[in-house]
Amino acid sequence: MPSHIALTALLVHDYDEAIDFYTRALGFDLAEDTPRPDGSRWVVVRPPGATESALLLARAKDEAQRSRVGDQTGGRVGHFLYTDDFIRDHARMTAEGVRFLEEPRHEPYGSVAVFEDLYGNRWDLLQPAAH
């Protein structure tokens with residue numbers, strides 16, 4: 001198997017509220033939710049159909065980690081959610097209450113709009129341009 005990035009950890013305040021947001025508002029699948037002996041959980045969500053990449057929702061354990069929830073990338077877009085139907089997904093996410101920070105725009109590289117997750121992490125919803 002070729003190397004690939006399988007999981008990206010995303011700090012959250014609460015597992016269940018994060019699972020709700022990612023599965024309901026963004027339409028992700030809950031791939032795993034396994035209790036661990038230390039009281040934490042191994043929670044993995046991924047976009048529908050994704051096989052090689054996913055998010056590990058990691059509950060912040062101390063004040064240093066709690067202070068970084070929602071700001072793991074210093075306020076810049078740090079996550080890029082690709083879609084094959086920008087209009088469909090933008091409309092569905094808007095209906096679910098996802099906060100978009102801008103109107104959709106069409107760039108040479110594709111259709112894009114920046115949104116925030118429930119903690120304020122910035123994401124691009126992006127449909128790449130056809131080549």
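# Briefing: Val 43 and the sheet around it

Val 43 touches Tyr 15, Ile 19, Leu 30, Glu 32, Asp 33, Leu 55, Leu 56 and Leu 57, leaving aside residues up to four places away in sequence. The model is a predicted one. Val 43 belongs to strand β3. That strand is part of an open sheet of four strands, in the order β1-β4-β3-β2.

**Val 43**
- Val 43 has 0% relative accessibility, so it counts as buried; the cut-off is under 20%.
- In β3, Val 43 has Asp 33 standing opposite.
- Asp 33 is also among the residues that Val 43 touches.
- Gly 97 lies 54 residues from Val 43 in sequence. In space, the two are 23 Å apart, C-alpha to C-alpha.

**The sheet**
- The pairing in the sheet is mixed.
- Strands β1 (7-12) and β2 (29-35) are the edges, and each pairs on one side only.
- From one strand to the next, the twist averages 25°.
- In a regular strand, side chains alternate between the two faces of the sheet.

**β2 with β3**
- These two strands, β2 and β3, pair in the antiparallel sense over six bridges.
- Their hairpin has five residues between the strands.
- Gly 39, in this hairpin of β2 and β3, takes a positive phi near 95°.

**β3 with β4**
- Strand β3 covers residues 41-46, and strand β4 covers residues 54-59.
- The pairing of β3 and β4 is antiparallel, over three bridges.
- Val 44 stands opposite Leu 56 in β4.
- Val 45 stands opposite Leu 55 in β4.
- Both Leu 55 and Leu 56 are among the contacts of Val 43.

**Helix α1**
- Helix α1 spans residues 15-25 and lies across β1, β2, β3 and β4.
- Helix α1 runs at about 155° to β4.
- The buried residues of α1 are Tyr 15, Ala 18, Ile 19, Phe 21, Tyr 22 and Ala 25.
- An α-helix has 3.6 residues a turn, so residues three or four places apart point the same way.
- Two residues of the buried set, Tyr 15 and Ile 19, touch Val 43.

**The ends of α1**
- Just after α1 comes Gly 27, with a positive phi of about 75°.

Note on methods: Residues numbered from 1 in each chain as written. Predicted model: local features only at pLDDT ≥ 70, side-chain atom pairs only at ≥ 80, totals over all residues. Heavy atoms only, no water. Pairing = 2+ DSSP bridges. Axes fitted to C-alpha atoms, helices over the stretch in contact; angles between N-to-C directions. Contact = heavy atoms within 4.5 Å. Buried < 20%, exposed > 50% of the residue type's maximum accessible area, 1.4 Å probe, protein only.
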